[in-house]
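Welcome, and please open your viewer. This tour goes from stop to stop, telling you what to select next and what you will find there.

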Amino acid sequence: MRAKSFLFILACFLFSGTVYAEEAAFVEFTSYHRDTDVGRVGLDSEVWKNVPAMRHPLQRQFLVLPKPSEVGVKEVFVQSVHDGKYIAFRLTWKDSTENDTLKITNFSDAAALEFPVRKDPLPKYFMGEMQKPVHILYWKAWRSRDQEKGFQSVKTAYPNMTSDLYTFDYSEKGRGTEKTQEEKEIFIPGRAAKNPLSFPHKEIVEELSAEGPGTLTTKNIENTSGAAQWKDGEWTVLFVRPLTVDDAGSVQFKTGETIPMAIAVWEGGHLEVGSRKAVSPAWAEIRLE
Amino acid sequence: MRKVYNWQIGRNASYIFPENRPKKQWAIIFDLNKCISCQTCSLACKTTWTSGKGQEYMFWNNVESKPYGGYPVGWDLGILSKLGPQAWKGNKYSGKTLFEAADKDEKILYHLPEDADWSYPNLGEDEVSGMVNQGDWIATYPHRIWMFYLPRTCAHCTYPACLAACPRKAIYKREEDGIVLIDQSRCRGYRECVRACPYKKSMFNVETRVSEKCIGCYPKVEKGEMPQCVTNCIGKIRIHGFVSTPDKARKDNPMDYLIHYRKIALPYYPQFGLEPNLYYIPPIHVAPSFLEQMFGPQVEKAMGSYINARNDHELQALLVLIGSTEKILHSFKVDDEYAYGYDEAGKEVVKAPITEPKIVRDYHDGKLNAYRQNTP
């Protein structure tokens, strides 16, 4: 109901002829072609200075329970460039708190880009649907901190916590039966179950697929690199990926083509996690110049 | 929301999924009159299941002191203050359950503890309900000033909040025994279960970044044995078994007998609407007003039955069966002298004397020509 009324209001805006240029951009972004090695572009590379930042409004996720009553981030600015081989997205948004530290009740700042794996038929923009998967590039501040300062663990979360002995984890060799790392990790359930969240990763961007709410699944690939920085109350996050990758379940980009895209942002300081998030109101589109 | 029947509150109540009861329902009964908070249960659980990294302060089983103790700190006050005062009409709950009191954007009304709340597994230990005055002595039941120990595990609820709250269906309830488990490979650490469980028995592991909870010692239960926290209880205050719904209750099932026939073991915070499967024999020295908010309107009757147990042969027999065996009892029998317990196949697994044989010796020992003293 809310979605419908939003679209109605949106339609009124679009057809009224009084639309501001930056509002219209939420429907279509441009990934600008630049003669630079986009595969090596950084957070503060020169290239970003001459690329327009397109404002993209976000709203609270309103389709599945639980829904946030209000979200911490209501707009994100999007820049994108490509060089025919790589495509880069640079997202910036205001967030007064940097939430990148792992603790029991800490929630991570995060952002995600979502694309349909196939444009036709187009999946529902919210997490895709059965047989119509979406491909999600998901950055989490926890993972950025893992990369910068080492994989966060109970030791970093609670440095003053003490434990006499972990099972089979003897401080000196020969004090007990020697066990392999895998055998020791039987006592660390997430790792024993091979949950991808329980292990360090090369990239700060996790790649996932989904066919509807609740079906999010980590893809066993890491084709997207990234960088992130929180400074003066603002996050800047970079996603860089080759235009095409060797994976049937991944989005493929092509110069001159337009691809639907949606964005989600989580404000960890606002206890946002999972479906408690700020999302695009509908599919936007990105055209590769 | 669906309507499901919740016998503990005597009415239909809201839940996310339709009613779907397991073939058997895991349950524990605790005699709170006997718990001394030795924490042997907590340690038995800890050494068996939560000795790994990230589980240091995780207690799937804990024992806290009531009224002020709690792990995590204030778990009960946190949710009770959000729910606000609610009422019973006789044995039917006329207030709102946590699902019924949920905000329109939420599945359930919840309390999210703060980080430090998980750091004090036994804060408030032995704190009594009020000031002790000089010259106070204990004259009657209930005591004017009181405290009691509350051992808790996951209640493997019939309508689990954790299961309902998980957006990924990473939590499931086993059809064979009603045990509720978190799939460690499917969980993404959103902690919706940590928020939703009013008893705060879903816990987040910072080492693995996913949530964990009591597994009901399912490997033991599958072999017909009671969980570690039950079999290691040195005070013999616990018995584990399978509880039926009231309409299918069997009088010879020890759990059904104590819960349904004698109504002496009561569910804790039934008003939350989860149909939890931890049942407590209320401590008779505690103010009934406190116990009523915790165990519902049948508290005083249960306390009366317990006080009268010495004149109640069958009840006494059941109380001696508690803690007498490691095997899950599916039925029992009582004769003049003994209580007998049987496993699922009907085989006798325990025979316990209802009254220990008593021998009275003369004050004077003629053989040694010595007077026997009463000192140990």
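Begin by colouring chain A by domain: domain 1 covers 24-151 + 200-288, and domain 2 covers 156-198 (the bounds come from an automatic or database domain assignment). Where the two domains of chain A touch, domain 1 brings seven residues and domain 2 brings six residues, with contact meaning heavy atoms within 4.5 Å. Taken over C-alpha atoms, the centres of domain 1 and domain 2 of chain A are separated by 34 Å.

A word on what you are looking at: this is a predicted model, in which local features need pLDDT of at least 70 and side-chain atom pairs count only at pLDDT 80 or more, while totals for chains, interfaces and linings use all residues. Residues are numbered from 1 along each chain as its sequence is written, chains are lettered from A and ligands numbered from 1 in the order in which they are written, and side-chain values use heavy atoms, with hydrogens and water left out.

**Stops in chain A**

Select A:Ile136 next. You will find A:Ile136 in strand β7, residues 134-140 of chain A. (Helices, H or I of at least four residues, and strands, E of at least two, are DSSP runs numbered from the N terminus.) Is A:Ile136 buried or exposed? A:Ile136 is buried because its relative accessible area is 6%; buried means under 20%, exposed over 50%, and partly exposed in between, with a 1.4 Å probe and protein chains only.

Now show what surrounds this residue. Not counting residues up to four places away in sequence, A:Ile136 touches A:Ala112, A:Leu113, A:Glu114, A:Met127, A:Glu206, A:Glu207, A:Leu208, A:Ala210 and A:Leu216. Pick A:Glu207 from that list: A:Ile136 and A:Glu207 are 71 residues apart along the chain, and their C-alpha atoms are separated by 5.8 Å.

Move on to A:Lys277, in the loop between β12 (258-266) and β13 (278-279) of chain A. A:Lys277 has a relative accessible area of 7%, so this lysine counts as buried. Leaving aside neighbours within four places in sequence, the contacts of A:Lys277 include A:Arg60, A:Phe126, A:Met127 and A:Trp266.

The last stop in chain A is a peptide bond. Select A:Leu65 and A:Pro66, which are joined by a cis peptide bond with omega about -5°. A:Pro66 sits in the loop between β3 (59-60) and β4 (75-82) of chain A.

**Chain B as a whole**

How many helices and strands does chain B have? Its secondary structure comes to ten helices and 19 strands. The C-alpha trace of chain B spans about 80 × 55 × 45 Å along its principal axes. Of the 376 residues in chain B, 59% are buried. Among contacts in chain B between residues at least 6 apart in sequence, 62% join residues at least 24 apart.

**Stops in chain B**

Select B:Lys24, in the loop between β2 (11-15) and β3 (26-31) of chain B. With 26% relative accessibility, B:Lys24 counts as partly exposed. Setting aside neighbours within four places in sequence, B:Lys24 is in contact with residues including B:Glu175, B:Glu176, B:Asp177 and B:Glu344.

B:Pro142 lies in the loop between β6 (92-93) and β7 (148-152) of chain B. While you are there, select B:Asp126, which lies in the loop between β6 and β7 of chain B. Phi of B:Asp126 is near 65°, a positive value in a residue other than glycine. B:Asp126 is partly exposed, with a relative accessible area of 42%.

Finish at B:Glu275, in the loop between β13 (266-267) and β14 (278-281) of chain B. Phi of B:Glu275 is near 50°, a positive value in a residue other than glycine. Is B:Glu275 buried or exposed? With a relative accessible area of 1%, B:Glu275 is buried.
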